[in-house]
Amino acid sequence: MITEDLIPALQGIVPAWIVTTSDENIPNCTCVSQVYPVDETHVAISNQFFSKTFRNLQNNKHAVVQVIHPADNRMWVLEIEHVRTETEGALFDEMDMQLAAIASMSNMEDVFKLQSAYVFKVHSVSHLTEAQRPAQSL
Amino acid sequence: MSELDLSSQPEVLALFDGPVSMVVGSSNEHKRPHFARAQGIRCGEKTNSVVVFIPEVVAHSILNDVQENNNIAVTVGDISNFETRQFVGVCTHVEEASDSDLELCDTMLARSGETVSMFFGEEGGESWKRMVTRPAKAFHIQVLNVYDQTPGNRAGAKLL
C-alpha cells in the first residue's frame, strides 16, 4: 500500500494536512510536519502541538491525511485509522531525528518538539491524478 | 450570542491576499472525515461568511458530506511564513463558481505558485501551477469560530 513512489512525499519536505472529526462531528483540519512510513501498511504522524487532533482521535480513530511529492507536487490522500501512540522507542527516536532536520530546514527549531508518534493503519491510498494537469498542457 | 464579525480581525482576512495553501475538511454522517484542496477563498455577503472554491474533480466527497452533515472546516496557510487560520462553521449552500470567482482561483494559484518556486525551484512552482482550478464549486460557509493554526504553541487557540 505504501509504495516506493509515495516515499518522497513522506519525508516531511512539504507539510501534510490531516482531517479528523470530533464527537460532535465537527471536522478539524490542520498541518502536519511529518508523516513517517512505518511499514507497508502503517504510517506515523508526529504530534508536536495539535491538541484538537489528539482529542478527536480519542473518540474517533478515523482520519485522512494528504501528502505531496516535493519534486512535482503529486498528491495522495491516505485514509488512516489510529492504532497506537508511542512516546519512546526506535520509531519515536527515528521520527525525532527527522523532525529535527525538518525544523532546521524551516527555521522552526524552537517550536518543533516531538511529543508523541501516532501510529495509523493505512486503509487506502488515492493518488489524485485528476487534481493536476499534465506537464505538457501548461 | 452575537454574530461573529470577520472584519474585526483584519489580519485574518489579509491572509486571503497572500500566497496561500487552502484545504477543506468535512465528515459524513458516520463521522468519516474527508479532505479536499481548495483553490480560492473570499469573504461572503455577510460579515460572518466566507466562500471557498473547490475544483469539481476533487469536490465529490465534500459535496456528499455537507448534505449529510453541514459542519465544515477550512484552513488557510500562508506558504511564505506558515501563518495559518482555521475557519470552522456550517456550509449553508453550494453553487457553481462564477467566472469572476474562477479568475480569483487562477490568480491565487499563480500567486502561491510563485512562492512555491522560491522554496522548491522553478519546476516545483510550475507543477504547483498545474493544479486544476476549474470548473469549481462555491461552498458558502457561515463561520462560527476562527482558530490560529500556525505551527507552534499557539496552534488551536481560538481567535473568534
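Predicted model: local features only at pLDDT ≥ 70, side-chain atom pairs only at ≥ 80, totals over all residues.
The side chain of Lys31(B) meets that of Asp23(A) in a salt bridge, with 3.4 Å from N to O. Asp23(A), at a relative accessible area of 44%, is likewise placed in the partly exposed class, because that class lies between the limits of 20% and 50%.

Where do Asp23(A) and Lys31(B) lie? Asp23(A) is in the loop between S1 and strand S2 (27-32) of chain A, and Lys31(B) is in the loop between S1 and S2 of chain B, so the pair joins two chains. Side chains of opposite charge can pair when their charged atoms come close. Across the interface of chain B and chain A, the rule finds one salt bridge.

## The interface of chain B and chain A

Chain B brings 42 residues to the contact, and chain A brings 41 residues. Between them the two chains bury an area of about 3500 Å², and carbon and sulfur atoms give 61% of that area. Which three residues supply more than any other three of the area that chain B buries against chain A? They are Lys31(B), Phe35(B) and Arg130(B), with 21% of that area.

Polar contacts between chain B and chain A number 20 residue pairs, with both residues at pLDDT 80 or more. On the side of chain B that touches chain A, the elements giving two or more residues are strands S1 (20-27), S2 (33-38), S5 (71-78) and S6 (84-96), together with helices H2 (56-68) and H3 (99-129). H3(B) gives the most to this side, with eight residues. Sorted by class, the side of chain B that touches chain A holds 18 nonpolar, 16 polar and eight charged residues.

## Fold of chain B

Chain B contains three helices and eight strands. Read from the N terminus, its elements follow the order α-β-β-β-β-α-β-β-α-β-β. The radius of gyration of chain B is 15 Å, close to the 15 Å that the globule rule gives for 160 residues, so chain B is as compact as a globular protein of that length. Its C-alpha trace spans about 45 × 35 × 30 Å along the principal axes.

Of the 160 residues in chain B, 60% are buried. Among the contacts in chain B with a separation of 6 or more, 67% are between residues 24 or more positions apart.

## Salt bridges within the chains

Over all chains, the structure holds 14 salt bridges. One of them joins the side chains of Asp5(A) and Arg74(A), at 3.1 Å from N to O. Asp5(A) lies in the segment before S1 of chain A, and Arg74(A) lies in the loop between strand S5 (62-68) and strand S6 (75-86) of chain A, so this pair ties together parts that are 69 residues apart in sequence. Asp5(A) counts as partly exposed, at 39% relative accessibility.

In chain B, the side chains of Asp101(B) and Arg42(B) form a salt bridge of 2.9 Å, N to O. The pair ties together parts that are 59 residues apart in sequence, because Asp101(B) is in helix H3 and Arg42(B) is in strand S3 (residues 40-43) of chain B. Is Asp101(B) buried or exposed? At 9% relative accessibility, Asp101(B) is buried, since the class takes in values under 20%. Arg42(B) has a relative accessible area of 24% and is partly exposed. Elsewhere in chain B, salt bridges that share partners link Glu83(B), Arg85(B), Asp148(B) and Arg154(B) into one network.

Ile2(A) counts as buried because its relative accessibility is 11%. Not counting residues up to four places away in sequence, Ile2(A) touches Ile7(A), Leu10(A), Pro37(A), Asp39(A), Glu40(A), Thr41(A), Val43(A), Leu78(A) and Val122(A).

Pro70(A) is 68 residues from Ile2(A) along the chain, and the C-alpha atoms of the two are separated by 17 Å.

How values were computed. Residues numbered from 1 in each chain as written. Chains lettered and ligands numbered in written order. Heavy atoms only, no water. Contact = heavy atoms within 4.5 Å. Buried area = accessible area lost by both parts, 1.4 Å probe. Salt bridge = Lys/Arg side-chain N within 4 Å of Asp/Glu carboxyl O. Polar contact = N/O pair within 3.5 Å; in protein donor to acceptor, adjacent residues only side chain to side chain. Helix = DSSP H or I, 4+ residues; strand = E, 2+ residues; numbered from the N terminus. Nonpolar A, V, L, I, M, F, W, Y, C, P; charged D, E, K, R; others polar. Buried < 20%, exposed > 50% of the residue type's maximum accessible area, 1.4 Å probe, protein only. Rg over C-alpha atoms; globule rule 2.2 N^0.38 Å.
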